[in-house]
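Here's a quick briefing to read with the model open beside you. Start with the overall picture, then work through the topics below.

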Amino acid sequence: MDALRLDGVVKRFGDFTAVDNLSFAVAPGEVFGFLGGNGAGKTTSLRMVLDILRPDAGNISVLGRAPGRANSAMLGFLPEERGLYRSMTALDTIVYFGRLKGMTPSDARGEGKALLERFGLQDFAKTTVDKLSKGMAQKVQLATAVVNRPQLLILDEPFSGLDPVNQGLLEDEIVRAAKGGAAVVFSTHVMQHAERLCDRLLLLARGKKLFEGTQDEARATLPVELHLSAKQSPTGLPGVIDAQPLGEAGAWRDWSVRLAPGGDPGDLLEHCTAQGFALRRFEQRRASLHEVFLHIVGGEAR
Ligand SMILES: Nc1ncnc2c1ncn2[C@@H]1O[C@H](COP(=O)(O)OP(=O)(O)OP(=O)(O)O)[C@@H](O)[C@H]1O
């Protein structure tokens, strides 16, 4: 069973369609990146999964059930707009959220203490939230999302405002949840996090899905880029759609070469070897997810 499934989901605000016929599914144990620029419709989609908003059309299934309060024991959610009760202590805050999700007081307390320890906040269990630094409060908020060991963990822009150490801690927590069998869905417009974490990703722009798949599948939408050092021009070799000289002309010259999307550098190398095309460098450049994002979203904008 999918941990999360959307089929043809539509959400309109007046005449404006914020989410347009969106379908995707996330499996247990999978880290799923929900990517898109500002206003793409990420938060609106996640709010529908959490039953904060209702779709105008389509279907949503959360762990096999319709969105609703009944799912809260199995769900973890870190909202984009953070906020905690300022006069509550760190531990009481986590326990409170654990209780809301149906945990017993002693389970919630035990898990809360373990989380504070894991996040390096064991000495701040009795400190009220208003006396914590911003980063500490964000860690407490993260603890409230995972205290019940959710089967589906939804994180809306979880990395924003975190320093690099706490970003690393959050990445560890995401991996830990997925290894424990949870499906993790996180939205972001920062591709580096997605690059390190995602098994699969979805690219959303103006409410529409532009891409869904693995990182390798995403990269395959771009032309393949190679750096060669050759005696002759690679222009005209099979699969080469562009070749630009990089260095000085001489016996050997460096070239930046592009193959059509999906082109196989191995085929080109084999051809060069078979035809005696002299090479002394042949390197494939791996595109960043950021480049993929600009390519796919930019293509749609054009
Ligand atoms: N309650 C609302 N009423 C009217 N329009 C809304 C409402 N909520 C969201 N929108 C609009 O829907 C679009 C999608 O917003 P959403 O917050 O889902 O985007 P997002 O991808 O989360 O963006 P960001 O990364 O900037 O948070 C935006 O154009 C936004 O202005």
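Helices (H or I, at least four residues) and strands (E, at least two) are DSSP runs, numbered from the N terminus. On that basis, the protein has 9 helices and 13 strands. Keep in mind that this is a predicted model.

**Overall build**
- The C-alpha trace spans about 75 × 45 × 30 Å along its principal axes.
- Of the 302 residues in the protein, 35% are buried.
- Take the contacts between residues at least 6 apart in sequence: 69% of them join residues at least 24 apart.

- What is the burial state of strand E6 (residues 152-156)? Here 5 of the 5 residues are buried, so the strand is largely enclosed by the rest of the structure.
- For that call, a residue needs 20 or more other C-beta atoms within 10 Å of its own.
- E6 is covered on both faces: Leu152, Ile154 and Asp156 are buried on one side, and Leu153 and Leu155 are buried on the other.
- Strand E5 (residues 75-78) pairs with E6 in the parallel sense, over 4 bridges. Leu75 has Leu152 as its bridge partner in E6.
- E6 also pairs with strand E7 (residues 183-188), again parallel, this time over 5 bridges. Leu155 has Phe186 as its bridge partner in E7.

**The open sheet**
- Strands of a sheet pair through backbone hydrogen bonds, either parallel or antiparallel.
- In what order do the 3 strands of the open sheet come? The order is E2-E1-E4, and the pairing is antiparallel.
- E2 and E4 stand at the edges with a single partner strand each, so one side of each has no neighbour in the sheet.
- On average, neighbouring strands of this sheet are turned by 25 degrees against each other, direction ignored.
- Strand E1 (residues 4-13) and E4 run antiparallel and are joined by 5 bridges. Leu6 has Ile60 as its bridge partner in E4.

**Around the ligand**
- Which residues surround the ligand? They are Phe13, Ala18, Gly36, Asn38, Gly39, Ala40, Gly41, Lys42, Thr43, Thr44 and His189.
- Helix H1 supplies the largest share of this shell, with 3 residues.
- Sorted by class, the shell has 3 nonpolar, 7 polar and 1 charged residues.

**Backbone angles to look at**
- Most residues other than glycine have a negative phi.
- Asn21 has a positive phi, near 55 degrees, and is not a glycine. You'll find Asn21 in strand E2 (residues 16-26).
- Asn21 has 15 other C-beta atoms within 10 Å, so it counts as partly exposed.
- Asp51 is another residue other than glycine with a positive phi, near 70 degrees. Look for Asp51 in the loop between helix H1 (42-49) and strand E4 (57-62).
- Asp51 is partly exposed because it has 17 other C-beta atoms within 10 Å.

Notes. Residues numbered from 1 in each chain as written. Predicted model: local features only at pLDDT ≥ 70, side-chain atom pairs only at ≥ 80, totals over all residues. Buried ≥ 20, exposed ≤ 12 C-beta atoms within 10 Å, placed from the backbone. Pairing = 2+ DSSP bridges. Axes fitted to C-alpha atoms, helices over the stretch in contact; angles between N-to-C directions. Near = placed C-beta within 6 Å. Nonpolar A, V, L, I, M, F, W, Y, C, P; charged D, E, K, R; others polar. Contact = placed C-beta atoms within 7 Å.
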